[in-house]
Amino acid sequence: MIKEPSRAATAAAAAATACALLTGCAAGAPGRAADPDEVIKAATRRLTDACLIRQGLVPPRGDGHRQPGTDDARVSAALFGTGPAELSLALPTGYVVRAHTDGCLAAAQQRLYGDQPGWFRASVVVNNLRPEADHTHQDLAEVRARHHREIADWQRLRAHALTEATTVLDAPPPKGNPPA
């Protein structure tokens with residue numbers, strides 16, 4: 001007779017597996033998997049920082065302190081892209097969201113999601129479901145049903161990004177001087 005593992009043992013094994021798949025456990029919380037959003041955010045940061053460093057620029061930090069020698073305009077252009085935005089999506093609320101396909105952030109998104117234009121479209125729609133429901137005076141469930149394709153694309157692309165982010169974070173960070 002085969003004995004099934006207890007729920008606690010099954011839960012512990014699932015947590016350990018998730019933890020290993022998501023690049024390790026959260027600091028100070030053994031057995032707790034890393035937050036997928038944080039994993040993707042950390043990989044995006046690693047990729048954008050490396051891109052800026054390759055261009056001889058100092059990556060910005062979110063702590064409100066400017067680093068010496070930082071040229072904000074150059075860093076912003078390198079990070080977010082320049083010129084007219086290549087991606088654009090008009091929302092039912094009347095707002096138009098635009099993004100660049102050049103720049104370090106676009107390159108990081110392309111690497112992680114595998115389809116930066118697709119991720120742009122899906123994430124803009126999914127992130128604006130509630131405003132659309134409010135604007136059209138519909139239930140959120142109705143709006144979600146209407147956008148089932150975009151929601152499925154968002155889920156597929158995000159799963160891809162999590163896998164890629166894990167790979168990025170498992171690789172040793174670049175060392176030495178950036179290439180000229």
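Buried means under 20% relative accessible area, exposed means over 50%, and partly exposed lies in between, using a 1.4 Å probe and protein chains only. The model is predicted, so local features need pLDDT of at least 70 and side-chain atom pairs count only at pLDDT 80 or more, while totals for chains, interfaces and linings use all residues. Residues are numbered from 1 along each chain as its sequence is written, and side-chain values use heavy atoms, with hydrogens and water left out.

**Exercise 1. Find D134 and classify its accessibility.**

Step 1: Look in helix α6 (residues 129–136), where D134 sits. Helices here are DSSP runs of H or I with at least four residues, strands are runs of E with at least two, and both are numbered from the N terminus.

Step 2: The relative accessibility of D134 is 48%, so this residue counts as partly exposed.

Step 3: Now find T93, which is 41 residues from D134 in sequence and 8.9 Å away in space, C-alpha to C-alpha.

**Exercise 2. Describe how α2 and α8 cross.**

Step 1: The two axes come within 9 Å and cross at roughly 55 degrees. Axes are lines fitted to C-alpha atoms, for helices over the stretch in contact, and angles run from 0 to 180 degrees between N-to-C directions.

Step 2: α2 and α8 are therefore oblique to each other. Under 35 degrees would be roughly parallel, over 145 roughly antiparallel, and 65 to 115 roughly perpendicular, with the rest oblique.

Step 3: The crossing of α2 and α8 is left-handed, meaning that the near helix is turned anticlockwise from the far one by less than a right angle; clockwise would be right-handed.

Step 4: Residues making the contact include V39, I40 and A43 of α2 and A161, L162 and A165 of α8. Contact means heavy atoms within 4.5 Å.

**Exercise 3. Explore the largest nonpolar core.**

Step 1: This core has 14 residues, and those with the most contacts inside it are I40, L112, Y113 and A165. A nonpolar core is a set of buried Ala, Val, Leu, Ile, Met, Phe, Trp, Tyr and Cys residues joined through side-chain atoms within 4.5 Å.

Step 2: Two or more residues come from each of α2 (36–54), α4 (104–113) and α8, and α8 gives the largest share, 5 residues.

Step 3: Zoom in on A165: leaving aside neighbours within four places in sequence, A165 is in contact with V39, I40, A43 and L112.
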